[in-house]
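Please keep the sequence and the structure in view while reading.

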Amino acid sequence: MYADAVHDAEGSDSLFDEPQIAMRTAPPIPGLFVPPIRLPLELANDIVRECMSLYFDGRDVNQIMLFGRTVSEHSQNMESGLPTFLNTLLQWLAEMLRDHLPKKVHEMLFPPKDAPQRARQAILNLYRPGEGISPHIDLLRRFDDGIIGYQEEELFGGAGPLDRNHWDLYLEERSILVLSEDARYDWTHGIDGKQEDFVSGVDGQGEPEWIERGTRLSITFRWLLPGADIVGGPEP
Ligand SMILES: O=C(O)CCC(=O)C(=O)O
């Protein structure tokens, strides 16, 4: 995954077509968090199984959007509207991210039960090797601050020098990413459509290596802004 400052119209690919080296740790973009935790293998396998059998197997689709409902304060099921396996994932994320995010960010992503209820949207994206997603900022008038991403398979990265407004980040299998504040509003993010990525050595040690892409499944959660669940009007 890479991040570009929106103000940087030129982008920052190497002038000499040298491959950029993907970082393995998050660049210093305010509001971007890539905590050093991984979804447990068993839970990850369950999620892949559910996603593939419910949405992708035998169908020529690579993206699914799911919408949660704004539940009433009397509802027992706080995540009503999303399938159970996504609620299980959210519960795990809420627990595990607690020690890795500022309290304010954690509460934005996982509000206390007595906070006003909001509706989540989940997007499942399936990427075959060579596929990516164009740089973008998630829709400003549809989604609020606070985006959680989970990726099942390897991604890529590469790091520009510090004085550039472009960063390449290699996201390890089963890693978690949070976009908030500047990272959500002032930077675009995207995935180059490549077959392999040039990635820095583990812990920044050793030679960079080429890593072949596999099939990648990502799940992202967003908050719908009030009224954004009503479709059919002008695009927010
Ligand atoms: O698949 C990803 O990790 C990113 C997806 C994304 O940027 C999006 O759905 O807006």
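Which strands each supply at least two residues of the shell around the ligand? They are strand 4 (120-127), strand 5 (133-136), strand 10 (187-191) and strand 13 (216-223). Strands here are DSSP runs of E with at least two residues, helices are runs of H or I with at least four, and both are numbered from the N terminus. Strand 13 gives the most to this shell, namely three residues.

The model is predicted, and local features need pLDDT of at least 70, side-chain atom pairs count only at pLDDT 80 or more, and totals for chains, interfaces and linings use all residues. Residues are numbered from 1 along each chain as its sequence is written, and side-chain values use heavy atoms, with hydrogens and water left out.

Around the ligand there are 11 residues, of which Tyr-127, His-136, Arg-216, Ser-218 and Arg-222 come nearest; a residue is near a molecule if one of its heavy atoms lies within 4 Å of it. The shell divides into four nonpolar, four polar and three charged residues. In this division Ala, Val, Leu, Ile, Met, Phe, Trp, Tyr, Cys and Pro count as nonpolar, Asp, Glu, Lys and Arg as charged, and the others, Gly among them, as polar.

The distance from a ligand oxygen to an N or O atom of the side chain is 2.4 Å for Tyr-127 and 3.2 Å for Asn-125. For Arg-216, a polar side-chain atom lies 2.9 Å from a ligand oxygen. The protein covers 94% of the 290 Å² of accessible area that the ligand has on its own, as computed by the Shrake-Rupley method with a 1.4 Å probe, where for residues only the protein chains shown count as cover.

Strand 13 also contains Thr-220. Its side chain is joined to that of Arg-222 by a polar contact of 2.8 Å. Thr-220 counts as buried because its relative accessible area is 14%; buried means under 20%, exposed over 50% and partly exposed in between, with a 1.4 Å probe and protein chains only.

Elsewhere, Ser-175 is found in strand 9 (residues 175-179) and is buried, with a relative accessible area of 1%. A polar atom of the Ser-175 side chain lies 2.6 Å from the backbone oxygen of Glu-172.

Note on methods: A polar contact is a pair of N or O atoms within 3.5 Å; within protein, one must be able to donate a hydrogen and the other to accept it, and residues adjacent in sequence count only if both atoms are side-chain atoms.
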